[in-house]
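Me: I would like to go through this model with you, strand by strand and then helix by helix. Shall we begin with the strand pairings?

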Amino acid sequence: MSRPPVEVGSGPETIRALKAALVDGLLPDTYVSDGALVHMEEVSGGHAAPAVDEDSPLPVSASIVTPALLAALLAEHAYVYRHAPRKNAGGGVELVEEEVTPPRDRLASVLAGKTWPKVPALRGIIGAPVLRRDGTLLQRPGYDQATGLYLASKVDLPPVPDRPTADQVATARDFLLNRFLRDFPWAGPADRANYVALLATPILRHFTRSLTPFGLIDATMPGSGKSILTAGPGMLYGQRVMPWSYADDELRKAITAVFAQQVGVVVWDNLAEGTVIDSPTLALLVTAPVWSDRQLGASRNIATVNDRLWLATGNNLQVGGDMASRTVRVRLDPDMPRPEQRDQSQFGIPQLDQWITIPANQMTVLYHLLVLVLDWTGRGAPRAAGLSMRQFTPWAQALGGFLAHHDIDGFLTNTADVYAIDEDAMRWRAFLACWHGLHGSEPLTAAEIRRSGEPVFFGGQETDRWDGQFITTHTGRMPNAMALGRLLTGQAGRWRGDYVVRSGTHDRGDRRVFWVEHSEP
């Protein structure tokens, strides 16, 4: 195929000619994102079949068009030329057509503006089909004009019928529940239902227009299959596996960095046993439709649509802070000393950790999942109107309706278990119970409460009247009076079990005082 010609002249003429050609679609697979031209490129050097706990990025990337990249793209896809004077055989001068590469400074001037009329806007890159807002399935690879999404399929997926037959639906349900997920040691029905909801979430995100809660996949023992579960969505939609950071600032930087990568799932894998997930940054992340932060290595802020599924795995994990109300838990309990040594000869899919890394098998899982989704939407996409989950209620009602439609019971019925592992709530409940036992509802200043927490000597021995339940900072130290006052002010009015802190001036003049009220069960 011949390359389309673009004639350039002097400096300003070159800039105008190239800008006009780019706006008219000169370069294929070129779009605009946040005012900048980007070009879709295949990414070389990735693993053909990464392990379940390894990164599995999408096969393409949206590269910002720089002057150097623009020069390379013009050389490949266009015939850029100028008319240059040359002496002819008769001694005269004639204009001769010659191919040129425009100077770097002129290419930079072409790219300097942020206005690109008629250039399609790129809203995101996805690794698997998704439901559009009108309920139709985006399943053709490439750019989708209706959504602005670019489908870079990780697997070669045959067309999924808009109206699956009853036999197709029955086969899909049987495969997912009775083969693919059959042999995981679910702690209860809620854990399997919650996992299916998380697995389908990236497909339904644009359709439900909802925030997505944090997915916590934990187990009682190592070797239970946690990483295989995260590999389900990770292999289908593209995953980035990251180490957990206990420093909130480092966690924030890692989150910002991963938004620059083309993945649909982010996994903090294999956290230390008993880790308490109580990060304020993470609590903000899962409730933010758009993530804003300073770009690493630059002095400008970035704002990125929060379109990822965020997961963490570990053994006997806990939550704290505001994470209990923002977490969906999937728990495995093999109830045996060495679950990794189970006989797999009778499993629905033996060696599932290796099976799921094969693209043809990933296609099988995705195809059956999409059949179930389209059967649900074909029946009007009924919601579970009675479900509520704070900011995530639209997500809970949509996924609850999807699961109920396919007779998958137990969705979100383990919510009380999540609150039971809320380490922050447990600490405060114990602290307030001890406080009330020592002082009743007597109003006290922060300094008086702090002095009450000091050890006393009785019979020549040091005694802790609080039995180790006095609230501490994250470093394990007792807060000073000022810090304690700030902590108590932040907890005022928040019930912890049957106890609540109240604050005010009460009858102690202008000094702020605190007291505990107890609601008898």
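This is a predicted model: local features need pLDDT of at least 70, side-chain atom pairs count only at pLDDT 80 or more; totals for chains, interfaces and linings use all residues.

Me: What stands opposite His83 in β6?

Reply: Glu97 in β6 stands opposite His83. β5 comprises residues 79-87, and its pairing with β6 is antiparallel, over seven bridges.

Me: How many residues lie between β5 and β6 in the hairpin?

Reply: Five residues lie between the two strands of that hairpin. In the turn, Gly91 has a positive phi of about 90 degrees.

Me: And β1, how does it run relative to β5, parallel or antiparallel?

Reply: β1 and β5 run parallel and are joined by three bridges. Pro5 stands opposite Tyr79 in β5.

Me: What is the strand order in the sheet, then?

Reply: The order is β1-β5-β6, in an open sheet of three strands with mixed pairing. β1 (5-7) and β6 (93-99) each have a single partner strand and stand at the edges, so one side of each has no neighbour in the sheet. From one strand to the next, the twist averages 40 degrees.

Me: Turning to helices, which residues of α7 are buried?

Reply: In α7, residues 248-258, the buried ones are Leu251, Ile255, Thr256 and Val258. Viewed down the axis of α7, they fall within an arc of 165 degrees, so they line one face of the helix.

Me: What covers them?

Reply: The cover includes strands β13 (239-242), β14 (265-271), β16 (290-294), β17 (301-305) and β18 (309-315), together with helix α8 (280-285).

Me: At what angle do α5 and α11 pack?

Reply: Helix α5 (residues 189-208) packs against helix α11 (residues 393-405) at about 115 degrees, and their axes are 9 Å apart. The crossing is right-handed.

Me: Which residues meet there?

Reply: From α5, the residues are Ala193, Val196, Ala197, Leu198, Ala200, Thr201, Leu204 and Thr208; from α11, they are Trp395, Ala398, Leu399, Phe402 and Leu403. By class, this contact has eleven nonpolar residues, two polar and no charged ones.

Me: One last topic: where does Glu54 lie?

Reply: Glu54 is in the loop between β3 (36-42) and β4 (60-64). Its relative accessible area is 33%, so Glu54 counts as partly exposed.

Me: How far apart are Glu54 and Gln239 in sequence and in space?

Reply: Glu54 and Gln239 are separated by 185 residues in sequence, while their C-alpha atoms are 8.1 Å apart in space.

Note on methods:
Residues are numbered from 1 along each chain as its sequence is written. Side-chain values use heavy atoms; hydrogens and water are left out. Two strands pair if DSSP finds at least two bridges between them. Helices (H or I, at least four residues) and strands (E, at least two) are DSSP runs, numbered from the N terminus. Axes are lines fitted to C-alpha atoms, for helices over the stretch in contact, and angles run from 0 to 180 degrees between N-to-C directions. Buried means under 20% relative accessible area, exposed over 50%, partly exposed in between (1.4 Å probe, protein chains only). The arc is that of the directions from the helix axis to the C-beta atoms. Contact means heavy atoms within 4.5 Å. A crossing is left-handed if the near helix is turned anticlockwise from the far one by less than a right angle, and right-handed if clockwise. Ala, Val, Leu, Ile, Met, Phe, Trp, Tyr, Cys and Pro count as nonpolar, Asp, Glu, Lys and Arg as charged, and the others, Gly among them, as polar.
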